[in-house]
Amino acid sequence: MLALRAARLFDGHNAALISDATVLVAEGRILAVRSGGGTPDRAEVVELGDVTLLPGLIDAHLHLGFDASADPVDRLTTASDDELLAGMRKAARTALAAGVTTVRDLGDRDYLALRLRTEYAADPASGPQVLAAGPPITITGGHCWFLGGQADGVAGVRAAVRTHAERGVDVIKIMASGGELTPGTHSHQAQYSTAELRAAVEEAHRLGLPVTAHAHAADAITNAVAAGVDSLEHCTFMTPDGIEDRPDLVEAIATAGITVSLTLGIRPGTVPPPRIAARLAGLSDHFQRLRVAGIPLVCTTDAGIGPPKPHDILPHAVTMMVERVGNSTLDALRAVTSLPARLCRIDDHKGRLAPGYDADILAVAGNPLTDPAALLDVRAVYRHGQRAH
Ligand SMILES: [Zn+2]
């Protein structure tokens, strides 16, 4: 048995920190969370000192197969499976070292992230828990078509969802609009009709899988909301030259109870692509409108898609959520712990520090509730009860 001792503990939800905290861990699970010492005689006590313990972070939208270089698509599409897997392991380890103990890969090639899921399940301390979508479902020639998930029409989309389910994915990712990464597609244009998206949702839900839609354009978001998706990625309301103000659509998302995954985080010293850079102020205002409308906002990253987004960018995304979206530090911390756990349907064992939960635990110097930048000062990472960093 392990007894982790720390000055403070954030359990993933409650505003009140536990002071002088002790977490008892055995066989990869949390046995107890207490204030004060008094550890069992047989426990191995680890004094972590003036740190805050919190649940290992969850990045519910990244890409292990994109290497965060200036041309990640070229590398991903030309690498052999072994080369790509080596890069994906490196990306996963980078995330883990930053305290990201669960990653949801929302677009790989050839379902390779599922292989990492298997590897890390057998040896949890070697990598984060992996959840994966496989190749995103997209129209022929559509956004990220090169990942191999092309499907057209209601029948084609249904068949693609079934194939993904047979391969064992954790979530269905569908490209409702074009995207910034794919020449010839446009973020401000919808790709699928409501009928096609509804077919994907019906088939996925029948098979017990959630659906998340990549959606920038208001038209694509309108279709995805009507189709009943579980969550929206990006949700930027992008137009050819700006960001649309559509209170009706914001209201529709809120009423439907759909979670929005804000892909935030920019590595200091880098600049986002011009079309994003030009819209940063507008996006900030737009995301604040989503927050004020009461839409559940999960803090994610899209890590891997370019130099501004290395695989350990999530702590920067938390700071951005506080500074640019206007979330409280408490809500921003929930948005990388308990909230994405619920979104990913793993909230019975991830995203909280509580008895029975997985011992995926992050220790950071200082207090992230008063200063989110504390997340950048990682002192220890435990994965399934084992020291992983
Ligand atoms: Zn993405």
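How much area is buried between domain 1 and domain 2, and what share of it do carbon and sulfur atoms give? About 2,000 Å², with 69% from carbon and sulfur. Buried area here is the accessible area, taken with a 1.4 Å probe, that two parts lose on being put together, summed over both. In domain 1, P372, L375 and R383 lose the most area to domain 2, and together they make up 30% of what that side buries.

A word on the source. This is a predicted model, where local features need pLDDT of at least 70, side-chain atom pairs count only at pLDDT 80 or more, and totals for chains, interfaces and linings use all residues. Residues are numbered from 1 along each chain as its sequence is written, and side-chain values use heavy atoms, with hydrogens and water left out.

Now the domains. Domain 1 covers 2-55 + 351-387, and domain 2 covers 57-343; the bounds come from an automatic or database domain assignment. The contact, meaning heavy atoms within 4.5 Å, takes 24 residues from domain 1 and 26 residues from domain 2. Taken over C-alpha atoms, the two centres are 29 Å apart.

Next, the zinc ion. Its protein donors are H61 (NE2), H63 (NE2) and D302 (OD), lying 2.1 Å from it. Donors are N, O and S atoms within 2.8 Å of the metal, or 3.2 Å for Na, K and Ca; water is not among the atoms, so the site may look incomplete. The spacing in sequence is H-x1-H-x238-D. H61 lies in strand β6 (residues 57-62) and D302 in the loop between β13 (297-300) and α10 (314-323), so this pair ties together parts that are 241 residues apart in sequence. Helices (H or I, at least four residues) and strands (E, at least two) are DSSP runs, numbered from the N terminus. Both H61 and D302 are buried, that is, under 20% relative accessible area with a 1.4 Å probe, protein chains only.

On to the sheets. β6 belongs to an open sheet of 3 strands, order β6-β7-β8, with parallel pairing. Two strands pair if DSSP finds at least two bridges between them. β6 and β8 (129-132) stand at the edges with a single partner strand each, so one side of each has no neighbour in the sheet. β6 and β7 (residues 100-105) pair over 4 bridges, and L57 stands opposite V100 in β7.

Then there is an open sheet of 5 strands, β9-β10-β11-β12-β13, with parallel pairing. Within it, 3 bridges join β11 (residues 231-234) to β12 (residues 259-263). E233 stands opposite S261 there.

Note on methods. Buried means under 20% relative accessible area, exposed over 50%, partly exposed in between (1.4 Å probe, protein chains only).
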